[in-house]
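Here are some notes for a colleague who has not seen this structure before.

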Amino acid sequence: MNLKKFIVPAVVLAMGTASFSAYAAEKVVKIGNILPLSGPSASVGIQGKQAREMAVDEINKAGGIKALGGAKLKLLFADSKGDPTTGVTETERFISTEKVSIVTGAWNSSVTYPSTQVAERYGVPFVVPVSVRDTITERGFKNVFRIAAKDSWWTRDQFRFLSDMQKEFKTPIKKVAFVYENGDWGTGFAEKWRELAKAAGYQVVLDEPYPSTASDLTPVVLKLKRSNPDVVFMTSNAADAILLTKTMTDLKVNVKAIVTSGGGHADPSYLAAVGKSAEYLFDIVEWETDLNRPGLKETNEKFKKLYGYNLTGEAVDAYASMYLVKDVLERAKSTDPNALRAALASTNLCGGKTGLLAYNCIQFDQTGQNRNASLVIVQVRSGKDGKMERITVWPKNVRRAGYKVVFPQPNK
Amino acid sequence: MALLEVKGVTKQFGGLTAVNNVDMEVQEGQIVGIIGPNGAGKTTLFSCIAGSHVPTKGSIKFNGTEIAGKRPYDICKLGVTRTFQVVKPFANKTVLYNTTVGAFAKTNRLDVAEEKAMEVLKLIDLYDKKDVPAKNLTLPERKRLELARALATEPKLLLLDEVMAGLRPSEVAEMLPVIRKINSVGVSIVIVEHIMQAIMNLSEQVYVINFGKKIAEGDPHKVVAEEEVIKAYLGDEYVANSH
Amino acid sequence: MKFLSNVPTTHKVFAALVLAVLYALPLFVTSPVMLQIFILIFFYAYLTSSWNFVGGFAGVLPLGHSAFVGLGAYTSTLLYLTYNISPWIGMIAGGIVAAAFGLLIGLPTLKLRGAYFALATIAFAEGLRVLVENIEKLGSFEVRGPKGLLINLVGNSFRDFQFLSKVPYYYIILTMLVLVLILTFFMMRSKVGYYLAAGGEEPEAAEALGIKVSKYKLIAMAISCFLTALGGTFYAQLVLYFYPKSIMGLDMSYEIAFIALIGGRSTILGPVLGAFLLRPVGELTRIYLGDTLPGLHLIIFGLVLIIVMRYQPRGLVEPVSKWLTAIFDRIENRRRA
Amino acid sequence: MIGYIESVINGILMGSIYGLTAVGLTLIFGVMKVVNFAHGSILMVGMFAAYWFITLTGVNPYLALVVVVPLLYFFGYYMQKIVIKPIFEAEKHVREPITVIIVTTGIWYVLDNLALLVFGAEFRVAQTSVTGKMVEVAEMYFPLAKIIGTGITLLLGVYLYWFLKHSRMGKAVRATSLDREAATLMGIKQSRIYNIVFGMGCACCGVAACVLVPFYYVYPTVGVPFDIKAFVIVVLGGLGSIPGAILGGVIIGIIETVGAQFMAATWTEMLIYAFFLVVLFVKPSGLFGLRQDY
């Protein structure tokens, strides 16, 4: 009965995709993109999707891939839900059914990790705009290329920043505290922090993982307050970042600096949600709107007009990844996976649209990691209109002109 | 030696004494009735024997084995099976299935159990309905199914809890020969019943309980003539067929 | 083949035909994606059939079965990664570990009424997940907490339970499913099956008939957990990477229960039917709607649940089997004519 | 020392709010014997309603109670009447209708993802007159919003106790919860009682929502962590017991806050589940449940 009604459209749908791939011959190059479009990381997935669409639209309007007779790029998107199994299934679908030339994605390290393994098995290039876990490019894979920085670089730069600040403001830091979500990401960061703190001679007064689904983080903040650190390092998703920031302000936790790790603290809704509570916080990101980059203003304005918000780190990486794909196709002059892989490995892409990135150039090392990827640190301040603003402060050579860093932060 | 020996059984719920120091005996092959007005404690006494309640004091011996405080499934294994006043068939299963569940008490094999079940169904006159789901039976049929299921466990002693309650007089009349038939194949029976007529008709020996105490015992026709028994029922809405 | 004597010939022929088609399918369907979809359907049908032993026949509602999937996956994978023990052996070890845990949790909770049992199993599964997330190292085993376990690629190797093609996985899970269905068939026709059904429906009456209900429920729980854990090992070898949230999360537990209820619990074919319906609904809506309107596919999923429960509260197996029986009867009649 | 006192009090404050989120769940279960899996989603609906009311009008946040509570009452009333009742009817001879659980789970999926479609994956925090206000006692800080929330929890608990014990409707509700058939025989219209109880359970979520919004974020899946916690709380306190739910919440709050001072917060989560299972072993009816209730 109902079954028939269900099966018929299902079969039609299935046949639809099959025929789709049959006639999508010559003039189109398919790019498969795996992103978390629903579930807890949906907002960041949607940013990546929109930025890719804008880039591909530009590329196609400008004549597509000239080396392939003006072939157009065609984007396919799959929702990973942030779930590894779904990511694996979708990667397989893209490669074997949709016959895509290149796969990109997948933001969640836990999805990228097994999905790149699938691409490696099939020998199809997989471009990773953002996914921080170190080991993604440390398995000797030939087909995996990452544009953004990895875990160990993020934590390394957080500590470099801290030591630079001490020198600049002559404020010694002795005691540090680590507060991080008990996921793969947070615990990965904490491991690196421990080593770095030991090397730098800081005393670790608190090393506290917490469940990212916690409904109340007051207990953690009370503990943090009693440990009385000079600096707190945090790794949080959006919900817990909001709870932690508000509770820390409420309970008057006074520290010299709070250093966060992007993620929830970089989520566009975070600042709107916590407002002034986030004042003086330092966050590490790959990219910030106030960077002085050629063409950034125009691109950002176009993006804002299309989607209603400023470019984000994820959006810029995604945007640049499409121009990387274009560059690779032009040089490979074919969609053969071997040619594409060779072209990717010999990438030397500087300036142009990829110049939006904080680090200007994409060149991959032996492992497939972009060796130029670097990070910046911003400070959160309330602007004249009461709106919170993120201001680039580190490295010193990219610091916003005329901005005076507040370090240590005043007591609340 | 008596098949069932109840000695000094007392059951208290908090401060309330539902059964007070009751003695009772059942001989092999007998049908024994327990009667008494509503709330007299006869169902509690019954539950103590069947293992649903643990008596506060006293001893219950079946075939010489102490069963007071044992769980119903262990008591069943020893050869004492009960039925429920409110019938509890496995509603979505067929009559045969229901009865086979009982028959599994003495075997592990499905074919043997089903054979036994069909034998019992024939005895109880339910064989025609063997493939009907229990929920589609009429009330008298369900009562008989309850009997069949219990009988399939091959008990030596069958405890019947108001097996005729809710039946019309004509239906009660149909039930009586069924119970006699069960007795005739060698099963002793204890029957708790509100319907006086049925007890008088069936039992060789009755126990009258009131306020938890045994107030009379013996031949049913003599017992009902005793003054205390009449007093116990007086004022009670006792009618031979209340439904 | 005495036990098949009361099964009508048309049913036997139909079952044989379906099996033949399923076993021959990889000869025609070569797309790894289609195979993967079938593998996941069989995998969920297998899990739900295992769940059915306690969720269907014992008449309670366990909502934490992913805990046993996780126990199976973790046991076999840790044994493989630490001592290089073949996952085939680890699979059995995982089953035993899961059965032990099942008995442990079943002992106090199976005596409880339905809602208590359901909530207790949720708490057990969540508690176990949190526990695993907190363990970095357990003796010589590297549990790796929330980071999860990765099984390295070794290429085609039966001993390592790893294959480059989807076809071996397809046959393994299909065979596991067929075996569990045969086991279900026998169980339903045995004393244990009768006693479970009786105890599940009317525990008091069952006890009076000599059934130690809690004992039979525990047996069912142990069988169910053992089988579920075998599925966990299969899953680990299929995806080669898992972490506590992905394999012990409540989503999987709920999905198993949904499949059972939508298909029809305490039946042989209910779980299979449920998996064949719900899995594709989930996959297709995600593939075709997931990138346009985020979340819409889950709304559809929820609506399917509500609608099926509204019109077929005992599961779809009832109308479907009626429909099939009608067809069989027609065939039978034509054959006679 | 002062740090521990501070954490105990904070645990009690947050715990009683956990209890508040569980009251509706236990009320519905007590009468209908249905575990409402959509409970967290209803809380989420209430939080969105309270958020928009407060943000758009800018009035005192607790005025939202006047709007949100009746709104959720009717929401629950009609949800039971339209979606749940037909399914319940089909299964009414069963003591614990399992299909209804599955239907409420379906409702949960629909509501959460509908919210995602409508409001987007954005975190929202209401700025109210009590947000961020702290009460200082001997160098200890307590959020005003949580103190008010605890007060509201107690008031609601007392009201529900009075309602069930003494009001006419409450007596009918209790009769229905004890014995469905008997209550029907006494002339109580069972399905209407169920509509009302479901409405009241949802209204309790509305109260909890208004208490949470001044200090909590609003998000389409915000109900999920509260959901699991509420399950643990109601079983701990005894399914169907309203004082049990509130006290169960307080116990969880104290374990969570005080436990975290001695171990990592990830272990206190574990501790809660372990405590839950121990209670199940020792006293399956929960700390305040009646024996007949399990």
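How many residues of chain C are in contact with chain A, and with how many residues of chain A?

1. The model is a predicted one. In it, chain C brings 36 residues into contact with 38 residues of chain A.

2. Interface area. The size of an interface is often given as the accessible area lost when the parts come together. For chain C and chain A the buried area is about 3400 Å² between them, and carbon and sulfur atoms account for 62% of it.

3. Charged and polar pairs. Two salt bridges are counted between chain C and chain A. One of them joins the side chains of C:Lys147 and A:Glu191, at 3.0 Å from N to O. Four residue pairs are in polar contact between chain C and chain A, counting pairs with both residues at pLDDT 80 or more.

4. Elements on the chain C side. At least two residues each come from helix H2 (32-57), helix H5 (114-134), helix H9 (213-239), helix H10 (244-248), helix H12 (270-289) and helix H14 (317-336) of chain C on the side that touches chain A. H12(C) contributes the most to this side, with eight residues.

5. Residue types. On the side of chain C that touches chain A, 22 residues are nonpolar, seven are polar and seven are charged.

6. Other chain pairs. Four pairs of chains touch, and chains C and D have the most contacts among them. Chain A and chain B are not in contact, and their closest C-alpha atoms are 24 Å apart. Chain B does not touch chain D either, with 11 Å between their nearest C-alpha atoms.

Note on methods:
Residues are numbered from 1 along each chain as its sequence is written. Chains are lettered from A and ligands numbered from 1 in the order in which they are written. This is a predicted model: local features need pLDDT of at least 70, side-chain atom pairs count only at pLDDT 80 or more; totals for chains, interfaces and linings use all residues. Side-chain values use heavy atoms; hydrogens and water are left out. Contact means heavy atoms within 4.5 Å. Buried area is the accessible area (1.4 Å probe) that two parts lose on being put together, summed over both. A salt bridge is a side-chain nitrogen of Lys or Arg within 4 Å of a carboxyl oxygen of Asp or Glu. A polar contact is a pair of N or O atoms within 3.5 Å; within protein, one must be able to donate a hydrogen and the other to accept it, and residues adjacent in sequence count only if both atoms are side-chain atoms. Helices (H or I, at least four residues) and strands (E, at least two) are DSSP runs, numbered from the N terminus. Ala, Val, Leu, Ile, Met, Phe, Trp, Tyr, Cys and Pro count as nonpolar, Asp, Glu, Lys and Arg as charged, and the others, Gly among them, as polar.
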